[in-house]
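Open the model in a viewer and keep the selection panel at hand. The stops below go from pockets to a helix, then to a group of rings.

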Amino acid sequence: MVSLFKKFKAAFSGLGCAVKDKSVRLQLVFAAAVLVFGWIYGFSGEEWLWIISAVFIVVLCEMVNTAVERICDLIDPHLNVKIKYIKDLSAGCVLLASLYAVVIGCMILKGVLR
């Protein structure tokens, strides 16, 4: 039981680290704005499911991207073409997740998901 507690403690510590990261915080600000807008706009239950899934996907991708960037910087802090490729792939993941979120938002606003 103690090791399970330690794992959860490490996981919550990871969330704390994520919130301290500038990129993750920015995504959380966008997420909060979307959630407030959804509350004001009166999203349906199905729309909330889509919005929440999109928000989580973007934030998760940003957290993984941040971890990949940190690992890459530990491996080689200098300009390295192979490291740049890895970082670009990771950043591309965040971009695709963000585009997914925008598409979901547009579909909701157009009434496609109503």
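A pocket, on a 1 Å grid over the protein atoms alone, is an open set of points where a 1.4 Å probe fits, with protein on both sides within 12 Å along at least five of seven lines; lining residues have an atom within 4 Å of a point. Grid points are joined across faces, edges and corners, and a volume is the space filled by probe spheres set on the points. This is a predicted model, in which local features need pLDDT of at least 70 and side-chain atom pairs count only at pLDDT 80 or more, while totals for chains, interfaces and linings use all residues. Residues are numbered from 1 along each chain as its sequence is written, and side-chain values use heavy atoms, with hydrogens and water left out.

**The largest pocket**

The largest pocket holds about 400 Å³ of space. Select Phe 30, Val 34, Val 55, Ala 101 and Val 102: of the 18 lining residues, these are the closest to the pocket's centre. Two or more lining residues come from each of α2, α3 and α4 (helices are DSSP runs of H or I, at least four residues, numbered from the N terminus). The most, 7 residues, come from α4. Colour the lining by type and it divides into 15 nonpolar, 3 polar and no charged residues. In this scheme Ala, Val, Leu, Ile, Met, Phe, Trp, Tyr, Cys and Pro are nonpolar, Asp, Glu, Lys and Arg are charged, and the others, Gly among them, are polar.

**Helix α3**

Next select residues 45-75, the 31 residues of α3. From first C-alpha to last the helix reaches 45 Å, close to the 45 Å expected at 1.5 Å a residue; the expected span is 1.5 Å times one less than the number of residues. Which residues of α3 are buried? Among them are Ile 51, Val 55, Val 58, Cys 61, Glu 62 and Asn 65, where buried means under 20% relative accessible area, exposed over 50% and partly exposed in between, with a 1.4 Å probe and protein chains only. An α-helix has 3.6 residues a turn, so residues three or four places apart point the same way.

**The second largest pocket**

Now select Gly 14, Cys 17, Ala 18, Asp 21, Val 24, Met 63, Thr 66, Ala 67 and Arg 70, which line the second largest pocket. The volume of this pocket is about 160 Å³. Both α1 (2-20) and α3 supply at least two lining residues, and the largest share, 4 residues, comes from α3. By type, the lining has 5 nonpolar, 2 polar and 2 charged residues.

Centre on Met 63, in helix α3. Met 63 is partly exposed, at 25% relative accessible area. Leaving aside neighbours within four places in sequence, Met 63 is in contact (heavy atoms within 4.5 Å) with Leu 15, Ala 18 and Val 24. A C-alpha distance drawn from Met 63 to Asp 21 reads 8.8 Å, across 42 residues of sequence.

**The ring cluster**

Finish with Phe 37, Tyr 41, Phe 43 and Trp 48, which ring pairs link into a cluster. Rings of Phe, Tyr and Trp (its six-membered ring) pair if their centres lie within 6.5 Å; planes under 30 degrees apart are stacked, over 60 edge-to-face and the rest tilted. The whole structure has 4 aromatic pairs. One of these, Phe 37 with Phe 43, is edge-to-face, at 6.2 Å centre to centre and 70 degrees between the planes. Phe 43 and Trp 48 have ring centres 5.4 Å apart and planes at 65 degrees, so this pair is edge-to-face. Phe 43 is buried at 10% relative accessible area, whereas Phe 37 is partly exposed at 39% and Trp 48 partly exposed at 23%.
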